[in-house]
Amino acid sequence: MTAPTAAPPAVTVRSALLRRRRGAAAGGGRREALAAYAFVLPGFILYALVMLYPAVQTFLLSLRDWKITPGVDSPWVGLDNYIRAFSDPAFLDSLVNAVVYTLVTVPMQIVIGLFLAILLDSKLPGRVAFRVLFYLPVVTSWVVVSLLFRYIFSSDEGLANFVTVDLLHLASDNVSWFQERWTSFIAICALGIWKGVGWSMLIFLAALTAVPKDLHEAAAIDGAGVFKRFRYVSLPSIRSALSVVVILLVIGGFNVFISVLLITGGTNDTQVPLTYMYDQAFQFLDFGYGSAISFSLTALVLVVSAAQYWWTRRSMRN
Amino acid sequence: MVTSPRRRILNYAIRYVLLAIAAFLLVYPFLYMLSTSFKPRSLVLGDPTQLIPEDPTLDNYIQVLGVDNFLRYFLNSAAVAVVSTVLIVALSSMMAYAFSRLRFPGKRILFTLIIVGLTIPTMMLIIPQFLLARDLHLLNSLQGLVPFYVGTALGFNTFLLSGFFETIPKELDEAMLIDGAGPWRRYWSLALPLSKPALATCVIFAFLGTWDEFAWALTVLNDVEVRTLPIAIALFQGQHSTSWGLVFAASLLAIIPVLIVYIVFQRFFVAGLTSGAIKS
């Protein structure tokens, strides 16, 4: 007779069994811990070797007058490399360039990206196709698009000169974009914006899609127009996305490297901190000074993003 | 929403016009590049509005693939990217599994160190990494690139995957535990199969990251035969500063695999990007 009473309550059996298994596996926690180390350590050791150890080394190198030749002594010089950096006009110029680049590209990427996201935030036929197209520059390698923009802004009959001279009549003669600091940065910033808008668009679009549609409808019924609905419904809901985008874009802006290296190579006062650091290290083999620049830039960026984070947290609470 | 059909049509029309302008501006440079790569060399700086060349030619592609050895660079990049991607996904999924499912002393410290690493820009590390690679005899070789590509990508992927593993119901693990499955089996036949979308995202980002990597390869590779595509293209432009048709033929060879991966898997891009950005 298969009596229903013979079937014990499933839950108790399950938990009893679980306890047994855990108990059996206990020597128990120990065997689990051993397995865990087998999972973690191969990756973690490699990670520590190529990320954590060099991070510490960057700081230590920056305190020395590093001699690349093996066997030659590299004396400790304290903060000399930092003092040198912050009294080096070329380095300070490179910082100014990075600040200008950031101040131009970050707001533009945010405004255009947000605008595109708003345009795409509806049941528009073909919206996926637009999204794919807008994101195309983001997935293309920096090397390729940097060369492409160098070509577009090339001095003779390039596309940029066609637009400025023949189409918009902003100049009467072809411009030699890369002969001067700020015209060079027009090209470099144009590239940064063109390549980046798809990314901010995508993040904003994800945040906007998460805004419940009935909120919009309720506001519309209350007579709120498009701008009021954006101001009071959409904007508050994408605040956290907005602050993440700002922080990540600012970090990216200060770390601009490949585009400057390949478009101007830092000529005509267009160095940015990373191209300057790279030259110091791998052209002049001044590894200590290069490390001091790296470390200063990273510290600076961390401080700026921490301040942004703190500021958005505070303004969100109000 | 309560709107008249006429207003809705007008709304759509405005949106389409603006979107079309944006799409034109974002895509035109690519078309310009594509068109230049099919132009005979003498005509390269012609009318920038003429996208379809008068006498299109494959000469640039033939020269780039043959004389200029780009097939070799393509294969170099492919080999490095495939090996690195496999290692990145394997090692970071293992780490993520341990962080999200297993208990062990030191777990919190190790995970914190992973998070700390996410805030370090890799360019900051390039000088000590170079010295490390020199001491380990990893300069100037394709194999030497791999440990650095893998190590620098582990943090982000571990973070992404452990977030995903957390969403798998613990009850499933417990059910397998009752059946006597050890951690390896639970990882291999439970966590991994249930995480295919997240793993796909990792595969794509790991592949594209290594395929496009430039700064590190530029720093450690010297010999012509070990060049990867981004290095080859950048140096090629230096040598052929006016032969833009050649440069863009080479560039297109490099971006075609990326475009294929992107268009086929674009939904994973959205998922990976938004989750990555929102969390970090």
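These legends go with close-up views of a predicted model. Local features need pLDDT of at least 70 and side-chain atom pairs count only at pLDDT 80 or more, while totals for chains, interfaces and linings use all residues. Residues are numbered from 1 along each chain as its sequence is written, with chains lettered from A in the order in which they are written.

**View 1. Helices H6(B) and H9(B) run roughly antiparallel (angle over 145 degrees).** Here H6 (residues 142-166) and H9 (residues 196-212) of chain B have axes that come within 10 Å and cross at roughly 160°. Axes are lines fitted to C-alpha atoms over the stretch in contact, with angles from 0 to 180 degrees between N-to-C directions; helices are DSSP runs (H or I, at least four residues) numbered from the N terminus. On the H6(B) side, the contact (C-beta atoms, placed from the backbone, within 7 Å) includes Tyr149(B), Ala153(B) and Phe164(B); H9(B) brings in Ala198(B), Cys202(B) and Gly209(B), among others. Sorted by type, the contact residues are eight nonpolar, four polar and no charged. Nonpolar takes in Ala, Val, Leu, Ile, Met, Phe, Trp, Tyr, Cys and Pro, charged is Asp, Glu, Lys and Arg, and the others, Gly among them, are polar.

**View 2. Chain B meets chain A.** On chain B, 74 residues are in contact with 72 residues of chain A. Helix H1 (residues 5-37) of chain B supplies the largest share of chain B's side, twelve residues. That side splits into 56 nonpolar, 14 polar and four charged.

**View 3. Ile233(B) and its contacts.** Leaving out residues up to four places away in sequence, Ile233(B) touches Val143(A), Val144(A) and Leu147(A), plus Val247(B), Ala250(B), Ser251(B) and Ala254(B).

How values were computed: Helices (H or I, at least four residues) and strands (E, at least two) are DSSP runs, numbered from the N terminus. Angles under 35 degrees count as roughly parallel, over 145 as roughly antiparallel, 65 to 115 as roughly perpendicular and the rest as oblique. Two residues are in contact if their C-beta atoms, placed from the backbone, lie within 7 Å.
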